[in-house]
Amino acid sequence: MSHDPHDSNARLLIWTGLATAFVAGVPVWLDLARDPALLTSPRYAGWIAGFLVFVIAFSCSTRERSATWRLGLLAVQSAAALAMAWLHQGNSLTAVLLVI
């Protein structure tokens, strides 16, 4: 069985992207850990929804798809990252999601 180094690199980039997304959310996750009641806040609930949309769109975009499909997923990721940045303006790390 041969080992394709491109597959390993692609997997590494996917895991790096997901890890970066989770790190970008650390300030929000810490806020929620300190005060779980924040989950009832529309701002935090919206941020979590945006985070889930971003992670799902990112994960889907890493699969073999048409260029049109991948471009649409990129637009979804961008919109989710912008919404998250707007909802939690104190978290400048969220802007990193626009780079992924």
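Student: Leaving aside its neighbours within four places in sequence, which residues is Ser-61 in contact with?

Tutor: This is a predicted model, and in it Ser-61 is in contact with Arg-70, Leu-73 and Gln-77. Ser-61 itself has its place in helix H3.

Student: Why is Ser-61 called buried?

Tutor: The cut-off for buried is under 20% relative accessible area. Ser-61 has 12% relative accessibility, so Ser-61 counts as buried.

Student: What makes Ile-56 count as exposed or buried?

Tutor: Ile-56 is also placed in helix H3. Exposed requires over 50%, and Ile-56 is at 54% relative accessibility, so Ile-56 counts as exposed.

Student: Now the helices. What describes two packed helices?

Tutor: The angle between their axes and the distance between the axes describe them.

Student: Why are H3 and H4 called roughly antiparallel to each other?

Tutor: The axes of H3 and helix H4 (residues 67-87) cross at roughly 155 degrees and come within 8 Å. Angles over 145 degrees count as roughly antiparallel, and therefore H3 and H4 are given that description. The crossing in which H3 passes H4 is left-handed.

Student: Which residues make the contact of H3 with H4?

Tutor: On the H3 side they include Gly-46, Gly-50, Phe-54, Ala-57 and Ser-61. On the H4 side, Arg-70, Leu-73, Gln-77, Ala-80 and Met-84 are among them. By class, this contact has 13 nonpolar, four polar and two charged residues.

Student: Which residues of H2 and H3 meet?

Tutor: Val-28, Trp-29, Asp-31 and Leu-32 in H2 meet Tyr-44, Trp-47, Ile-48 and Phe-51 in H3. The classes in this contact are seven nonpolar, no polar and one charged.

Student: How do you know that the buried residues of H2 line one face of the helix?

Tutor: The buried residues of helix H2 (residues 26-34) are Val-28, Asp-31 and Leu-32. Viewed down the axis of H2, these buried residues fall within an arc of 95 degrees, so they line one face. Helix H3 (42-61) is included in what covers them. Ala-33 and Arg-34 are exposed residues on the face turned away from the buried side of H2.

Student: And the chain overall: how many helices and strands are there?

Tutor: The protein chain has four helices and zero strands, and from the N terminus its elements run α-α-α-α. Of its 100 residues, 28% are buried. The C-alpha trace spans about 50 × 30 × 20 Å along its principal axes.

Student: Among contacts between residues at least 6 apart in sequence, what share join residues at least 24 apart?

Tutor: In the protein chain that share is 56%.

Technical notes
Residues numbered from 1 in each chain as written. Predicted model: local features only at pLDDT ≥ 70, side-chain atom pairs only at ≥ 80, totals over all residues. Heavy atoms only, no water. Buried < 20%, exposed > 50% of the residue type's maximum accessible area, 1.4 Å probe, protein only. Helix = DSSP H or I, 4+ residues; strand = E, 2+ residues; numbered from the N terminus. Arc of directions from axis to C-beta. Contact = heavy atoms within 4.5 Å. Axes fitted to C-alpha atoms, helices over the stretch in contact; angles between N-to-C directions. Parallel < 35°, antiparallel > 145°, perpendicular 65-115°, else oblique. Left-handed = near helix turned anticlockwise from the far one by under 90°. Nonpolar A, V, L, I, M, F, W, Y, C, P; charged D, E, K, R; others polar.
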